[in-house]
Amino acid sequence: MAKPQVEIAFSFLYIATLMFLLVTCIVGRNEPQPIDDISCSDALQTLMPCKPYVAGPETKPSGPCCQAVEKVKELANTTQVRRDLCECFKKAAPGAGVDPEKAKALPDLCHIKFPVPLDPKIDCSTVPFGRYQNPRV
C-alpha cells in the first residue's frame, strides 16, 4: 500500500519541478538581461587599488587605481546601475575609512569623467543618465 503513495508523491514532485522550470523560463525571457553592468561588490573589489589613496596616506592615485576607476566607469552604463553604485559607495565608504574629499577628487585626478558622484552628501536618486562631472571646488 505504501508503494502507490510514494509514486504519487514522486509524480507530484516531478510535476511541481516542471512547472517551476516552465515559469522560470517564461519570466526570465520577459525581463531584459543587463549587459556589461557591475554590482556593488564587484565595483568595490575593482576599486581596491584606490584604497591607499582614498583611505590611506597616498597623496595621489596610482596608475592601477585610475585604470580601476575607468573600468567601473565603463560598466556603470545605465541610470539604475549608476544610482545603485552611488548608494553602494555612500554605504561602504565610512566603513572602509574613505576620506570623502579624496574620493570626490579621484575622478579629476585620474582625468576621468566618472558617471557616479563620489560624494556622501549626494541624493543618489538624482544621479542622471548622462555623464556626471565633478564640480570643481
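Entry 1, the pocket. I looked up the lining of the largest pocket in this predicted model and found 22 residues, with L44, V54, F89, A93 and V98 nearest its centre. I noted a volume of about 460 Å³ for this pocket.

I then asked which helices each supply at least two residues of the lining. They are α3 (51-54), α5 (79-96) and α6 (100-109). Of the contributors, α5 gives the most, with 7 residues. Sorting the lining by class, I got 18 nonpolar and 4 charged residues, and no polar ones.

I stayed with F89 next, as one of the residues nearest the pocket centre. F89 sits in helix α5. Is F89 buried or exposed? I have it down as buried, because its relative accessible area is 10%, and the cut-off for buried is under 20%. Beyond its neighbours within four places in sequence, F89 is in contact with A43, L44, L47, V72, F114, V116 and L118. I also checked the C-alpha atoms of F89 and P117: they are 8.9 Å apart, although 28 residues separate the two along the chain.

My last stop was D119, in the segment after α6. D119 is buried and yet has no salt bridge. What is the nearest side chain of opposite charge, and how far away is it? I found K104, at 4.1 Å, while a salt bridge has to be within 4 Å. Setting aside neighbours within four places in sequence, I listed K90 and K104 as contacts of D119.

Key: Residues numbered from 1 in each chain as written. Predicted model: local features only at pLDDT ≥ 70, side-chain atom pairs only at ≥ 80, totals over all residues. Heavy atoms only, no water. 1 Å grid on protein atoms, 1.4 Å probe; cavity = no way out; pocket = protein on both sides within 12 Å on 5 of 7 lines; lining within 4 Å. Points joined across faces, edges and corners; volume = space filled by probe spheres on them. Helix = DSSP H or I, 4+ residues; strand = E, 2+ residues; numbered from the N terminus. Nonpolar A, V, L, I, M, F, W, Y, C, P; charged D, E, K, R; others polar. Buried < 20%, exposed > 50% of the residue type's maximum accessible area, 1.4 Å probe, protein only. Lys, Arg positive; Asp, Glu negative; His and termini not counted. Contact = heavy atoms within 4.5 Å.
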